Amino acid sequence: MDFQLECLQAHNEYRKKHGVPPLKLNKEMCRVSQEWANRLIRTNVLQHSNNREYGENLFCIQSSNPNFSISGKDAVDNWYEEIKVHKFGVEPNSLASGHFTQVVWKDSHELGVAYAKSAGKIVVVANYSPAGNIIGHFAENVPPPGAININNNIELSNDISKLSINPTKTFHKSDQKVTEGNFEEDFLEAHNTFRKRHGVPPLKLDRKLCRYSEEWAKHLAAKNILEHRPGSNYGENIYCLYSSDPNFTVNGHTPVDTCEYLGVGVAKNSQGSIYVVANYSPAGNFVGHYVENVPPVKPAFYGDVVRKKESPVTSPETPREEVGGCGGQFSQFALDALKVHNEYRKKHGVSDLELSQKNCIYLFQLCKFAQEWADTCARTSSLQHRANCPYGENIFSVYSSDFSHTPTARDAVKEWYDEIKQHTFGMEKVNQNTLHFTQVVWKNSKQLGIGIAKNKRGQTYVVANYDPRGNYIGQFVDNVPRSKA
């Protein structure tokens, strides 16, 4: 028990440095860790378990002295040392820092740890829940060491505290260095102008929330970085604008043009960058609650004539699913995409995918979820992944000057699968150029959702979502077998 507590304490000391919440010991996870540690000592090998429920770190040390021992901190120190090879803010292309990133992974909350010893050999196994090291989520889960504590209170350095801007008060012309006009009131007005167009209630300015926003705006200005506050209980938008003109200012409408309560803070640094942070209470952007919380623009506010309901971006070749209920028919495009996926998966000896119809009441069906994002990509003419997507995701886009041209499902899935040419099997090396292929054949993925949308510019977008998601670091060998053909 002393070893486990030492290990827990060492984890949480390092996690505090990175501003992420502490871990808690879980007895069941400690039992699982002990079973695997015992097996590794018994078989005299060092390899990860097949347990996909938890993240896992391993450590082994050996001495000719049979009475040799280590503390719980020794193993954690060894894992944390990998920080030296980690690049913050980017997705890694190897597991070189995988032990370190799991130690400080923000979304992990529970720890199970144990060790086994035989003669002078010691093996340590640590399990983490939820598992870390998920591709696409390193930037927000592995923050660099900084002056942020886990209670969202900013430990302001001397440089930060010297910033004179105070956006919690009414702005006057004396504040010309950063803002112009009555920044807070203009900022609120800009929000409510847009909210009115969507028929939702106006926000109110909350002074306490403004102070909270100001803290983070000052922190960003001092560090000259743009990143969200970790572990915030509020919704948050952040904005940065740079100008070489030292007299450059922003007004309250500037960031908004690009809930109930609103807080806003603004700060400027010596490099000419202005940072704006807005916090919202209650928080928004909850998956499964977009439909009722983000209504479309009401045409009456624009003076437009209300038209019949239509989908301006959905391909005419593939009718949309019926909204609501689980009994709606899948589009032919979705059925074709499912068929092509399973043809490729059969080559690799993994089980077929199914079109998802679960979570009908509270969440979009997976096909509707994918269709929503395809519509968004087509409407904005941009090919990008959905932020904070809970599922695996592949995206595809094609342009044709023949606006009547629509790609087939095979066109999209084949492009993803063709990345196999660059994939190295049997290695846990992450290749950013083959992640579409690996998701197509990922063994543990069971359900598929897919959508297609086309805009008036001749651009067609395809989005596929997978549940459970694939592309977990440390699981490629098990989930991406070689083709059997």
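Residues are described here as buried when their relative accessible area is under 20%, as exposed when it is over 50%, and as partly exposed in between, with a 1.4 Å probe and protein chains only. The structure is a predicted model, in which local features need pLDDT of at least 70 and side-chain atom pairs count only at pLDDT 80 or more, whereas totals for chains, interfaces and linings use all residues. Residues are numbered from 1 along each chain as its sequence is written, and side-chain values use heavy atoms, with hydrogens and water left out.

Of the 485 residues in the protein, 47% are buried. The accessible surface amounts to about 25000 Å², and carbon and sulfur atoms account for 50% of it; accessible areas come from the Shrake-Rupley method with a 1.4 Å probe, and for residues only the protein chains shown count as cover.

Strand β1 pairs with β3 (residues 110-118) in the parallel sense over 2 bridges, and Leu 25 stands opposite Leu 111 in β3.

In helix α3 (residues 72-80), the buried residues are Gly 72, Ala 75, Val 76, Asp 77, Trp 79 and Tyr 80. Their cover includes α1, β2, α4 and β4. The loop between α4 (98-104) and β3 holds Ser 108, which counts as buried because its relative accessibility is 0%. A polar atom of the Ser 108 side chain lies 2.7 Å from the backbone oxygen of Pro 130. Apart from neighbours within four places in sequence, Ser 108 is in contact with residues including Arg 15, Leu 23, Tyr 128 and Pro 130.

Another open sheet is formed by 4 strands in the order β9-β11-β12-β10, again with mixed pairing. Its edges are β9 and β10 (392-399), each with a single partner strand, so one side of each is left without a neighbour in the sheet. Helix α13 (residues 409-417) packs on the sheet, touching β10 and β12, and its direction makes about 115 degrees with that of β10. Helix α12 (residues 366-380) lies across β9, β10, β11 and β12, at about 30 degrees to β11.

Within this sheet, β9 (residues 354-355) and β11 run parallel and are joined by 2 bridges, with Glu 354 opposite Gln 447 in β11. Strand β11 pairs with β12 (residues 459-467) in the antiparallel sense over 8 bridges, and Leu 448 stands opposite Tyr 466 in β12. These two strands form a hairpin with 4 residues between them, and Gly 458 in the turn has a positive phi of about 90 degrees. In β11 (residues 447-454), 8 of 8 residues are buried. On one face these are Gln 447, Gly 449, Gly 451 and Ala 453, and on the other Leu 448, Ile 450, Ile 452 and Lys 454.

The largest nonpolar core has 59 residues, and those with the most contacts inside it are Trp 79, Val 124, Trp 416 and Val 462. Helix α11 (residues 332-347) gives the most to this core, with 6 residues. A second, separate core of 12 residues includes Cys 210, Val 266, Val 276 and Tyr 280. Such a core is a set of buried Ala, Val, Leu, Ile, Met, Phe, Trp, Tyr and Cys residues joined through side-chain atoms within 4.5 Å.

Key: Two strands pair if DSSP finds at least two bridges between them. Contact means heavy atoms within 4.5 Å. Axes are lines fitted to C-alpha atoms, for helices over the stretch in contact, and angles run from 0 to 180 degrees between N-to-C directions. A polar contact is a pair of N or O atoms within 3.5 Å; within protein, one must be able to donate a hydrogen and the other to accept it, and residues adjacent in sequence count only if both atoms are side-chain atoms.
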